[in-house]
Amino acid sequence: MSVEFWFLIGAALVFWMQAGFAMVETGFTRAKNAGNIIMKNLMDFCIGTVVFSLLGYTLMMGEDTFFGLIGVPNLQLFTRFGEFIQSPAEGFTDASYFVFNLVFCATTATIVSGAMAERTKFSAYCVYSAVISLVIYPIEAHWIWGGGWLSQLGFHDYAGSCAIHMVGGIAALIGAVVLGPRIGKYVTDRSGKVTKVNAIPGHSIPLGALGVFILWLGWYGFNGAAATTPSELSAIFLTTTIAPSVATCTTLVYTWIKNGKPDVSMCLNAALAGLVAVTAGCDAFDAVGAAAVGLVAGVLVVVVVEMLDLKFHVDDPVGAVGVHCANGVWGTVAVGLFANPAAPAGLRGLFYTGDFTQLGIQLLGFAAVAVWACVTMLSFFLLLKKLNFLRADAEDELSGLDVSEHGLPSAYADFMPAVDKYAEFGTGEPVVAVTGTVPPAEAVPVKREPAFPSDGHKFTKVEIIFKEERLYALKDAMAKLGITGMTVSHVMGYGMQNGHTEFYRGVAVETDLRPKVQVDIVVSAIPVRDVIETAKKVLYTGHIGDGKIFVYDVENVVKVRTGEEGYAALQDVE
């Protein structure tokens, strides 16, 4: 009874990891998508529970058939509930096995959320969650844990570096590639060649850190829940502590040397990478082996994350591919290298015994599961893309999936989000095409257009209020005019737009205050008319609310640092 009790407590810890994934993904992405991230992490567990109970569980743990490829489906959970919860003479109840395997299945599903964040339709993600929990994960997990052909060969993946993390990481990689990058992530020339990679920081490192600590705590259940003796459990706790600690220290030193300063977000990723890598062999490694696994994981996660972003231009906002895919593979292979016969698993690793057998089995298992995941996930995501069901519209992506997918103006209703979390990055031409029919004079009205003399030094302030997502486009356009100094403020515009009523718990929300950006520019040498026309061209989309431009006379300009006044004070800011 006590062992089964710990088994279920461990399952509860694994369930709690959903909160960790939600916090990591939310913190590493922009505030305008926070609600969408939370919703996805909630629903992949809830949807997964439904489909896993209907079919997935028995595909995974049902009676082995078809040469170890699949379990025989049944509905005993519903038709023989008394037997399902009955304690057997040996082992645990079927109900305990069901809950335990369910929470692991949910972990596999949620890995994809971060890599495809900020531009995936919520409906498409729900379908994905159902498919991976219904068929894709259960079948390969049957090979490893359900008595299938890999388990019969002696393949060792104690807690899921391969079955869970590698499979989730492969799905994340394929999904990110098929989906494409976020708008503004990569700047391209006319031939389509990437000329610049933009950093899009997450809006809350503290949330991301909280998520990592939650995940680390949950990982003691993730790796240790299946332990049946105190010796085995203590060994698993030891390796599960050493590997992520060494990985994080390694990334700390590596990024400090490489970048001149230690990278906070990468160190958080490194802790998770070490946990992923040690998961397959947590019962097979000794302290030295766990440290070696963590050492490689700490370098590998940085190399893969940066290579995907800078070289292959795959947009993975949270580093899911580097953490889960790369280190899932590494952890699986590492069992064949660092397994110590004195550890609870009793396996013979190459570096301890000179025996290649276990390494060969691990490589075969990794390859087979990887092929299954690649073929199924690539086919699935390509089908969604073909049906135009995968990616959110550009305008929805720019405004944020919270409001476009869930009718949530902001996940932080009482706080003002930073301007750059909403703005698109410099992409040259305006991203949003002119789709409306409102004339330019109505969409971007100019409240005052005085006649300015061409001689003399007249000072004019141009105040522009517009949608957040056009900030970088306006900044780039003004820079081309020669304007390098401007003041940017986040303001709230008051007004109600028809057809935009939203509801919270069934109650209509009066969205009469909408976030805007205000840019103030003082010019003298540059014609005001050029500033106005450039702003109108950049901001115009043909819809009410594109922006407003105000023009004011300025009596004088004083530069505080030098005391210069008038025209001289503007020379290095205009």
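## Helix 10 and its cover

An α-helix has 3.6 residues a turn, so residues three or four places apart point the same way.

Helix 10 runs over residues 230–259, and its end C-alpha atoms lie 43 Å apart, which agrees with the 44 Å that its 30 residues should span at 1.5 Å a residue; the expected span is 1.5 Å times one less than the number of residues. Just after helix 10, Gly260 adopts a positive phi of about 90 degrees.

## Basis of the model

This is a predicted model, in which local features need pLDDT of at least 70 and side-chain atom pairs count only at pLDDT 80 or more, whereas totals for chains, interfaces and linings use all residues. Residues are numbered from 1 along each chain as its sequence is written, and side-chain values use heavy atoms, with hydrogens and water left out.

## Helix 8

Helix 8 (residues 161–179) has 19 residues and reaches 25 Å from its first C-alpha to its last, close to the expected 27 Å. Of these 19 residues, 17 are buried, leaving the helix mostly covered.

## Helix 1 against helix 9

Helix 1 (residues 2–27) packs with helix 9 (residues 205–224) at an angle of about 160 degrees, their axes being 7 Å apart; axes are lines fitted to C-alpha atoms over the stretch in contact, and angles run from 0 to 180 degrees between N-to-C directions. The angle therefore makes helix 1 roughly antiparallel to helix 9, a term for angles over 145 degrees. The residues of this contact divide into 19 nonpolar, nine polar and no charged, with Ala, Val, Leu, Ile, Met, Phe, Trp, Tyr, Cys and Pro counted as nonpolar, Asp, Glu, Lys and Arg as charged, and the others, Gly among them, as polar.

## Helix 2 against helix 5

Helix 2 (residues 34–61) and helix 5 (residues 94–115) pack at about 130 degrees, with their axes 8 Å apart. The residues that meet include Lys40, Asp44 and Phe45 in helix 2, and Asp94, Tyr97 and Phe98 in helix 5. This contact divides into 12 nonpolar, seven polar and three charged residues.

Key: Helices (H or I, at least four residues) and strands (E, at least two) are DSSP runs, numbered from the N terminus. Buried means under 20% relative accessible area, exposed over 50%, partly exposed in between (1.4 Å probe, protein chains only). Angles under 35 degrees count as roughly parallel, over 145 as roughly antiparallel, 65 to 115 as roughly perpendicular and the rest as oblique. Contact means heavy atoms within 4.5 Å.
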